[in-house]
Each structure stands twice: as C-alpha cells, then as structure tokens.
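Hi,

Here is the structure I promised to pass on. Could you have a look at it, and then read my notes below?

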Amino acid sequence: MKRDKLNFIIVNILLMMLLSLISFIGFYISLSSGMNLMRFFIIFISLIIGCIVLFFIWNIIILIKLVKSREISKLNYKIFKRFLSFFYPLLINVSKLLQLDIDSIRRVFTKINNLMILAKDIKVRSNEILILLPHCLQYSKCQYKITNNIENCRLCGKCNIKDILGLCNKYNVKCVVATGGTLARAWIKKYKPKAIIAVACERDLTSGINDAKVLPVLGVVNERPNGPCFNTRVNIDKLEDAIKFFLEED
Ligand code: SF4
C-alpha cells in the first residue's frame, strides 16, 4: 500500500505541476503577445486552467482532512465526489504515460472512496444491502450455475462462495453474482439497494464506484492467487466488516 500511495502522490504532483506550468506559460504569452484577440483567448484559457489548479488544491486539502479526521461535511463530500470523477480519468492517463502501475492508482481510489463512505457513517437495514460478487470467485470446475441464483451453490467449500453465503444468511443480506457491469446494473435495478458492497478487481471496482454515482459503494478488492479472473478469492473478514459497517444497530 505504501507503494500505491507513493505512485498516487507522484501522479498528482506531476499533474498539478503540468497544469500550473500550462497556466503560467499561457499568462506569460498573453502578456508578451501583441494581438489583442489572441491575448484575450490565452488569458481566458489560462484562467480556466488556473481555476482547475485551485480546485485541485482545495480537494487535496479535503483529502488530507478526510484521512486525518475521518470526517467530511455534506458539501465537501459532493465537491470531492465530483473532483474524483473529473480527475480520475486524467490520473489514469498520466499514469499510463509514465508507465506506472495503474492498479495501484485504482487501489488508492477505492481506498479513498471507502474512506468517504466510512466518514459518512451510512446506516441501513440488512435487506437494503446488496453484495455484488464477480463470477471469477466461483471455482472454475464447479458445475453449478450461480449467476442467476447464488443459492444453486452446493456449499462444497472449494471456493469462497460457501463462506459468503454463510455471511449473507447470518446477516440476512442479499448477495448476487454479476458477470459484468450490465448485469450488475440489472441487479441494482431489481433489488433497489440503499448500500452496495462490491467485490471485484481494481479496474471493475473503480468503474462500478464511478457508475453508482449517488449509491454508497464499499469496495473490497479480490485476491488473485491464480492470476486475473481465475479462481479468485476474497477476504471474508473484510467482507463481514463492510456488512457490519452498513448495518443499523438494533
Ligand atoms: S462452494 Fe459452491 S460455487 Fe464454490 S465450488 Fe462449491 S458448489 Fe461451486
């Protein structure tokens, strides 16, 4: 995680420096340019980029406060959420350019998202929680089709589905398997949850979190001891912690 944070900080600093430099060059050219229309245009663009840099700095302050105090006001939550959805694609593109590990940026993004959700202290009833699981959690040679109905699992214990079903029964929480974004959206439409716990790889988690917009999504990154998308695992304790977090106390 230390390396993830370092990558994230490097990309953010470079991005901010790049934007500041563009804004500075713009102002410099506009002051030395003789053409009035061109000067006006460059000043306008430089002002916009300058505002983006200020917006960036403001959100970094929100992030530092969030990490330190685990608190976020409603207004800052909305601002920061917009900031993340606006800057996230930029961060990914800059990371690609620098050939950094993109998954490390996605992991930090998921962690920040989880921090925001935890800071909001959202409480719902057990039947308002939906757990979305990736299909790759199922043992690859299992013959039972669990994508339509996870209850088809015969609880043999060869994969985490057995333990997950145990958790879902213990807390009376709905749990489904989604083979992709379309099916995940269909499950959400069907069950209309008020809170989601999503298990997936970094890429699917971040796109799911960005997709959900208003719904709170706690992300749990899956473990991939056999490589991507094949017989993956999930930390059951982390999943249970996520359920407990959302649950209202009796
Ligand atoms: S635990 Fe369930 S899903 Fe996993 S291999 Fe056994 S029967 Fe299949």
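Let me begin with a helix pair. In this predicted model, helix α3 (residues 74–97) packs against helix α4 (residues 102–120) at an angle of about 175 degrees, and their axes are 10 Å apart. An angle over 145 degrees counts as roughly antiparallel, and α3 and α4 are therefore roughly antiparallel to each other. On the α3 side, the contact is made by Tyr-77, Phe-80, Tyr-88, Leu-91, Ile-92, Ser-95 and Lys-96. From α4 come Ile-102, Ile-105, Phe-109, Met-116 and Lys-120. By class, the residues of this contact are nine nonpolar, one polar and two charged.

Next, the domains. The protein is divided into domain 1 (2–120) and domain 2 (126–246), and the centres of the two, taken over C-alpha atoms, are separated by 31 Å. Domain 1 puts 12 residues into the contact, and domain 2 puts in 11 residues. The two helices described above come back here: α3 and α4 each supply at least two residues of the side of domain 1 that touches domain 2. The largest share of that side, 10 residues, comes from α4. What is the make-up of the side of domain 1 that touches domain 2, by nonpolar, polar and charged residues? That side divides into four of each: four nonpolar, four polar and four charged.

Now to the sheet. Four strands form an open sheet in the order β2-β1-β3-β4, and the pairing is parallel. β2 (174–178) and β4 (217–221) stand at the edges with a single partner strand each, so one side of each has no neighbour in the sheet. From one strand to the next, the twist averages 20 degrees. Strand β1 (residues 129–134) and strand β3 (residues 195–200) run parallel and are joined by four bridges. Ile-131 stands opposite Ile-197 in β3. Helix α7 (residues 202–212) lies across β1, β3 and β4, and runs at about 175 degrees to β4.

Last, the ligand. Which of the 14 residues around the ligand come nearest? They are Tyr-139, Cys-142, Cys-153, Cys-156 and Cys-159. By class, the shell around the ligand has nine nonpolar, two polar and three charged residues.

Happy to talk any of this through once you have had a look.

Best wishes

Notes
Residues are numbered from 1 along each chain as its sequence is written. This is a predicted model: local features need pLDDT of at least 70, side-chain atom pairs count only at pLDDT 80 or more; totals for chains, interfaces and linings use all residues. Axes are lines fitted to C-alpha atoms, for helices over the stretch in contact, and angles run from 0 to 180 degrees between N-to-C directions. Angles under 35 degrees count as roughly parallel, over 145 as roughly antiparallel, 65 to 115 as roughly perpendicular and the rest as oblique. Two residues are in contact if their C-beta atoms, placed from the backbone, lie within 7 Å. Ala, Val, Leu, Ile, Met, Phe, Trp, Tyr, Cys and Pro count as nonpolar, Asp, Glu, Lys and Arg as charged, and the others, Gly among them, as polar. A residue is near a molecule or strand if its C-beta atom, placed from the backbone, lies within 6 Å of it. Domain bounds come from an automatic or database domain assignment. Two strands pair if DSSP finds at least two bridges between them.
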